[in-house]
Amino acid sequence: MDAFYKQLETAVPWLGSLPPLIAAALGAIVLTMIGGALWRVSPRLGGTVRLAGNFVLIAVFLLAAMRFVRLDPSFDALSNNLAMPVQTVDGGETRVPLSADGHYWIEAKVNGTRQRFMVDTGATVTAISQEVADEASVKPDPLRLPVVVRTANGAMQAQMVRLDEVQFGSIVARDMDAIVTPATGGLNVLGMNFLSRLKGWRVEEGVLILSPRHPVAS
């Protein structure tokens, strides 16, 4: 299968640049079309192939919907009905289950406003979107120069800001540096400058466990 995909990618150069979900959706559509063609020759085989394509399309739709829900705070009320993982506090530690998209998401308050963040140990500094900055009344510091953020699409400028307070579970961080940048595509990211403030953090059986130095009541 890998060899076939490489040959297909060589024949269609833009295939490798597609996001995985879009590539999977296109593959499912092609599979469904092949199943339809085979059905005329062998109804049983064609039906099986077409059914497989439909299942892949359904899976792609569900994954896309789950990502959208995790990024949109307006869907918070539906999280229990959709069985989306939510953070809990146990013995002063905040426990964050692994989401279906393979990331750890938390619901935090930034300057009192409720926001969603993805925990990213590969990010040096915490990043927020311009929308969150506006909602949380986070203003750029005119005395601090913009920084350059390198992404797959090239270098972008980001404005340094300071978050008065980020709080979730048993954890609160005050006066924390962050950047406001479009480089994350609208995502809010908790980086290592936040994690380094903790007493410790670890992953056990797919659960991210965050231990604060001074736990607060949730």
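F168 belongs to strand β7 (residues 154-168) and F194 to helix α5 (residues 192-195), so the pair ties together parts that are 26 residues apart in sequence. Helices (H or I, at least four residues) and strands (E, at least two) are DSSP runs, numbered from the N terminus. Both F168 and F194 are buried, where buried means under 20% relative accessible area, exposed means over 50%, and partly exposed covers what is in between (1.4 Å probe, protein chains only).

A word on what sits behind these values. The model is predicted, so local features need pLDDT of at least 70 and side-chain atom pairs count only at pLDDT 80 or more, while totals for chains, interfaces and linings use all residues. Residues are numbered from 1 along each chain as its sequence is written, and side-chain values use heavy atoms, with hydrogens and water left out.

As for confidence, pLDDT is the predictor's own score for each residue, from 0 to 100. The chain averages 78, and 75% of the residues score at least 70.

Taken as a whole, the chain comes to 5 helices and 11 strands. Of its 218 residues, 34% count as buried. Among contacts between residues at least 6 apart in sequence, 51% join residues at least 24 apart.

Next comes the sheet. Four strands build an open sheet in the order β1-β2-β11-β10, with antiparallel pairing; two strands pair if DSSP finds at least two bridges between them. The edges are β1 (88-90) and β10, each of which pairs on one side only. From one strand to the next, the twist averages 25 degrees, using axes that are lines fitted to C-alpha atoms (for helices, over the stretch in contact) and angles that run from 0 to 180 degrees between N-to-C directions.

Inside this sheet, β1 and strand β2 (residues 93-97) run antiparallel and are joined by 3 bridges. These two strands form a hairpin with 2 residues between them, and G91 in the turn has a positive phi of about 60 degrees. D90 stands opposite E93 in β2, and T88 has R95 of β2 as its bridge partner. On to the next neighbour: β2 is joined to strand β11 (residues 207-211) by 4 bridges, again antiparallel. R95 has I209 as its bridge partner in β11.

T94 is also found in β2. With a relative accessible area of 0%, T94 is buried. Its side chain reaches the backbone nitrogen of S170 at 3.0 Å, which falls under polar contacts (N or O atom pairs within 3.5 Å; within protein, one must be able to donate a hydrogen and the other to accept it, and residues adjacent in sequence count only if both atoms are side-chain atoms). Setting aside residues up to four places away in sequence, T94 touches Q87, T88, V89, F168, G169, S170, I171, L208, I209 and L210.

Q157 gives another view of β7, the strand in which it is placed. At 60% relative accessibility, Q157 counts as exposed. Leaving out neighbours within four places in sequence, Q157 is in contact with P146, V147, T181 and P182. Q157 and L145 are 12 residues apart in sequence and 9.9 Å apart in space, C-alpha to C-alpha.

S137, not a glycine, has a positive phi, near 55 degrees. S137 is placed in the loop between α4 (130-135) and β6 (147-151) and counts as exposed at 53% relative accessibility. D175, also not a glycine, has a positive phi of about 50 degrees. D175 is placed in strand β8 (residues 171-180) and, at 44% relative accessibility, counts as partly exposed.

Technical notes. Contact means heavy atoms within 4.5 Å.
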